Amino acid sequence: MARSRPEPMQVVKQRRDAALTALVEGVPYIRFLNISFDRRGDELTGVLNFDEKLIGNPLLPALHGGVTAAFLEVTAVITLSWERLFPKIESGELDAADILKSGETRFPKTIDFTVDFLRSGLPRDAYARAFINRSGRRYASVRVEAWQDHHNKLFAQGTGHFLMPQPKADKE
């Protein structure tokens with residue numbers, strides 16, 4: 001019995017990128033803050049693209065604390081969603097066009113989220129990466145780190161707990 005030929009890597013990359021774009025574009029607040037995600041394999045890095053509207057204190061100038069907190073929380077939620085959808089995207093079971101239409105994509109709901117502001121966010125692009133401490137069927141715990149110039153010099157970090165969306169079959 002002959003093995004099926006694997007898909008070309010370019011096709012796999014396009015499917016992953018299209019799925020991530022569909023996931024992010026489905027949330028208007030992410031577009032408003034101009035947050036994008038850089039994907040390397042299954043690892044995501046959130047990018048808060050700088051804009052003057054994000055400045056909270058024009059005298060310093062520094063990023064608004066609410067923007068920083070939202071950036072950390074969005075990075076955690078998208079990372080959790082990506083982690084949950086990744087196997088279905090890889091298998092081809094879930095297509096990018098169906099991600100938001102199918103009702104399959106429901107985002108985790110925040111139970112609590114704590115932010116530690118370590119220093120002022122400078123008026124430039126910021127980056128964040130979420131690390132999933134635990135992700136079960138109903139509950140997830142995530143740690144997020146944000147930096148600007150150097151990954152080892154964080155300007156904010158957060159810890160959140162999330163209620164994971166249940167498949168529709170479990171609710172019936």
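## Helix H1 against helix H3

H1 passes H3 in a right-handed crossing. A crossing is called right-handed if the near helix is turned clockwise from the far one by less than a right angle, and left-handed if it is turned anticlockwise. Helices (H or I, at least four residues) and strands (E, at least two) are DSSP runs, numbered from the N terminus. The model is predicted: local features need pLDDT of at least 70, side-chain atom pairs count only at pLDDT 80 or more, and totals for chains, interfaces and linings use all residues. Residues are numbered from 1 along each chain as its sequence is written, and side-chain values use heavy atoms, with hydrogens and water left out.

Two packed helices are described by the angle between their axes and the distance between the axes. For H1 and H3, the axes come within 11 Å and cross at roughly 140°. Axes are lines fitted to C-alpha atoms, for helices over the stretch in contact, and angles run from 0 to 180 degrees between N-to-C directions. H1 and H3 are therefore oblique to each other; angles under 35 degrees count as roughly parallel, over 145 as roughly antiparallel, 65 to 115 as roughly perpendicular and the rest as oblique.

## Residues of the contact

Contact means heavy atoms within 4.5 Å. From H1, the residues Val12, Arg15, Arg16, Ala19, Leu20, Leu23 and Val24 meet Ile78, Ser81, Trp82, Leu85, Phe86, Ile89 and Glu90 of H3. Sorted by class, this contact of H1 with H3 has 10 nonpolar, one polar and three charged residues. Here Ala, Val, Leu, Ile, Met, Phe, Trp, Tyr, Cys and Pro count as nonpolar, Asp, Glu, Lys and Arg as charged, and the others, Gly among them, as polar.

Helix H1 covers residues 9-25, and its 17 residues should span 24 Å at 1.5 Å a residue; the end C-alpha atoms are 24 Å apart, which agrees. The expected span is 1.5 Å times one less than the number of residues.

The buried residues of H1 are Val12, Arg15, Arg16, Ala19, Leu20, Ala22, Leu23 and Val24. Buried means under 20% relative accessible area, exposed over 50%, and partly exposed in between (1.4 Å probe, protein chains only). These buried residues pack against helix H2 (28-33), strand S1 (35-40), strand S2 (43-48) and helix H3 (65-91).

Phenylalanine 71 lies in helix H3 and counts as buried, at 0% relative accessibility. Isoleucine 35 is 36 residues from phenylalanine 71 in sequence, and their C-alpha atoms are 7.6 Å apart. Leaving out residues up to four places away in sequence, phenylalanine 71 touches Ile35, Gly46, Val47, Leu48, Ala126, Tyr127 and Ala128.

Tryptophan 147 belongs to strand S7 (residues 139-147), and its 8% relative accessibility makes it buried. Between tryptophan 147 and valine 47 there are 100 residues of sequence separation and 9.9 Å in space, C-alpha to C-alpha. Beyond neighbours within four places in sequence, the contacts of tryptophan 147 include Thr45, Ala126, Tyr127, Lys153 and Phe155.

## Loop residues

Proline 61 sits in the loop between strand S3 (55-57) and strand S4 (62-63). The peptide bond from leucine 60 to proline 61 is cis, with omega near -25°. Asparagine 34, in the loop between H2 and S1, has phi near 60°, a positive value in a residue other than glycine. With a relative accessible area of 38%, asparagine 34 is partly exposed.

Serine 120 is in the loop between strand S5 (109-117) and strand S6 (126-135). It is partly exposed, at 43% relative accessibility. Not counting residues up to four places away in sequence, serine 120 touches Leu60, Ala62, Gln148 and Phe155.
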